[in-house]
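Please read these notes with the structure open beside you. They take up strand pairing and then aromatic rings.

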Amino acid sequence: MREALGLWLFLIFLGVALCSHASMPLGHGHRKRLSLHRHRERGKEGQVLHRSKRGWVWNQFFVIEEYTGPDPVLVGRLHSDVDSGDGTIKYILSGDGAGTIFVIDDKTGNIHATKTLDREEQAQYTLTAQAVARETNKPLEPPSEFIVKVQDINDNPPEFLHGPYYASVPEMSNVGTSVMQVTATDADDPTYGNSARLVYSILQGQPYFSVESQTGIIRTALPNMDREARQEYDVVIQAKDMGGHMGGLSGTTEVKITLTDVNDNPPKFPQSVYSMSVSEDRIPGEEVGRLKAKDPDLGENGLVTYRLIEGDGMNVFEIVTDSVTRDCVIKLKKPVDFETKPFYTLKVEATNPHVDPRFIAWGPYKDTAMVKIAVLDADEPPFFSSASYTFEVEENAPDGTVVGQVHAKDTDTANNPVRYQITPYTNLDQLFTISPEDGILKTTRPLDRETQPWHNISVSASEIGGHHQDAKVRVNIKVKDVNDNAPEFATQNDVLMCENFPAGKLIETVSAVDKDEMAYRQHFRFNLPPEAVNNHNFSLKDNLDSTASIYVIRKGFSRMSQDIYFLPIEINDNGIPPMSSTNTLTIRVCSCDSKDTILSCNVEPYVLPAGLSTGALIAILACIVILLAIVVLFVALRRQKKEPLIVFEEEDIRENIITYDDEGGGEEDTEAFDIATLQNPDGANGYLPRKDIKPELQYAVRPGARPAANSVDVDDFIKTRISDADNDPTAPPYDSIQIYGYEGRGSVAGSLSSLESVTTDSDLDYDYLQSWGPRFKKLADLYGTKDPVDDNS
């Protein structure tokens, strides 16, 4: 009977499960677990054996996501074969969402979902069920896990997570060239139905581009798309789920596609002939004109280079490329002259340096243009026949001497006359003049080559009646040398010789210099003048090489008798005209040692005693100076040191300190501060061994001392008085310090200020001031009888 009841319950549970899932699709892996019934088995001997087995019966549960019905959705029912239906068994549910999302009827085992579930948030829930006794909560079955799966519906549209997109493709690309791939994602279950099956399509951007429906790859759809015609395209791509069928959800994204440049355009001049002009007064390097070839390509593809390929002005003009504007700039390479050639022609070629081999058949990638340049006539400054001039003039030439001539002419067709002048800042000393009409240069005074051998001036030439344009030229004037300077000694140093030099010894070799230029084969000659030829001390020998040697004739020179000799020497040059001069050579006699080393050339040491050297003299002088310094120091110290009359400790103060920066206390300030209190610690306790008072008893005269009046020995008298004063304990050894810090109560005379006389009552009557005259009227008004009005107040 129990087995029949269990079978009947199983059939009822199966029917409920089938009814609850009749309206919803079942997921993959649908499982069924059969109930295991508990039954009795009898042994061979009639013994009853009891065995408890698992008695759960359920299917794997499914819940449709996003269910929005009015009542909680029934997920399923749990049942155990130990449940007899009398309510003694209680079902307990635990695990993911138990009690919040999923609730169970503890009597029937029915499980309901109380909230709307989203598969994209959580696809399945793992729960644990258990049957316990209601009264004792004792488990009747082991706990068992089961899974509740959330069944997907198409509730999420496709999304492009990385949009909008930016892509580029070269212009002129072939049809079908891949641009880029876009990918959309769908949060729905890709394993269930077609909710996540996407199909791509293009909504905007046709007919230029297309998209593959399954992969999302965007490709070009038209050939020869030209960047110069249109550079950017806005493409809209759609992704639709459910395989693109009706009812599916869709999402879109934007793709901005840019055509990149290729060199598919040759350079082109806007016009074939250009006309330019240049004035003949322009200098090389100046710009004449510009032209530019158009190339719509970008970057290196649009780069254009220029060159001159022919024309009669190729040597006169040059072209450069402006680094900023990329223009072809024509510049003047050489000066042009209207009178010589008024027109030039040039042919300029523009070329692309970077050519794409794919489009080389579209060439040629170059263009040419003709440039005609007209030379304009200008009022040019005069032109000197030479770039610079160099002239020579002799020094000492008289003023008005012609130096040279410069020449300039007007190159214009008018050929106006030219006027010359020297630039003032180059002729500050006004040494030269120039004829304005013919350009002849002359001196204004004689020139001295030794002062300035070269003169550099600037001469300007301007047209008469022109536009005040001038040309300048440099003129270099060399002053030619004339032999007008006599020779002299090269150096003016004294000659030193020893006393013991033997006769015939060479003592000096002299040379000469001349401020004039030394010409080739020019030399100096030396000789003694007639008055010095017969001297008995020195002789001269001309070495014939512009030097002369001086020799000693005799020996036995002595500084005591004569220490300086003067030797006149006559120097002659062989210039034209020849010049000569007499120079005096000074010869000093010196003291030397045995090796002819000069010791001294002064005569003073010989007045000292013989046998004293210079070092000994220096030592003696140093000792004398040191002794004098010691004596002076000793005397200074003795003067600064004063012996006190009474010997005290070093800390005692012997002198009276008088402070003169106090106002004083007047007549009544008798308070004084006795510094003896600070000097003697005993004074602080009231004990003063010595005071500045007159003793009541006279100190007894020292026995044996003689009366002062009868003493005729003053020295003994003074010593006696000093000894008495030193031994008298009542005599003060020093004066005390008086501190005038108290000003007193004031003087009986009162204040001398007139300020208080106005505000205080006074018995004085100043009415008599009225009779003193007009000079005292002001005082009478101030100090006279008060106004009755004031008295009443």
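**Notes on strands and rings**

1. Ser591 has Ser600, in strand β44, as its bridge partner. The model is a predicted one. Strand β44 covers residues 598-600, and two bridges join it to β43 in the antiparallel sense. The two strands make a hairpin with five residues between them. In that turn, Asp596 has a positive phi of about 60°.

2. On β43 there is also a pairing with strand β42, residues 564-573. These two strands run antiparallel and are joined by nine bridges. One of the positions to look up is Glu570, whose bridge partner in β43 is Thr582. β42 and β43 form a hairpin too, with six residues between them.

3. Which strand pairs with β43 in the parallel sense? It is β37, residues 495-498, and the pairing with β43, residues 580-592, extends over four bridges. Within this pairing, Val495 has Ile587 of β43 as its bridge partner. When you trace any of these strands, keep in mind that side chains in a regular strand alternate between the two faces of the sheet.

4. Now the aromatic rings. A pair of rings is described by the distance of the centres and the angle of the planes. There are 13 aromatic pairs in the structure. Among them is the edge-to-face pair of Phe269 and Tyr274, with 6.3 Å from centre to centre and 70° between the planes. Both Phe269 and Tyr274 are buried.

5. Phe538 and Phe557 form a stacked pair, 5.7 Å centre to centre with 20° between the planes. This pair links distant parts of the chain, 19 residues apart: Phe538 belongs to strand β40 (residues 538-542), while Phe557 is in the loop between β41 (547-552) and β42. Phe557 is buried for the like reason, with a relative accessibility of 4%.

6. Phe557 has a further contact to check: Arg554 lies over the face of its ring, at 4.0 Å from the ring centre. Another charge over a ring is found at Lys341, whose charged end sits over the ring of Tyr344, 5.3 Å from the centre of that ring.

7. Which residues do ring pairs link into a cluster? They are Tyr208, Phe209 and Tyr233.

Terms used
Residues numbered from 1 in each chain as written. Predicted model: local features only at pLDDT ≥ 70, side-chain atom pairs only at ≥ 80, totals over all residues. Heavy atoms only, no water. Pairing = 2+ DSSP bridges. Phe/Tyr/Trp six-rings, centres within 6.5 Å; stacked < 30°, edge-to-face > 60°. Buried < 20%, exposed > 50% of the residue type's maximum accessible area, 1.4 Å probe, protein only. Lys NZ or Arg CZ within 6 Å of the ring centre and 35° of its normal.
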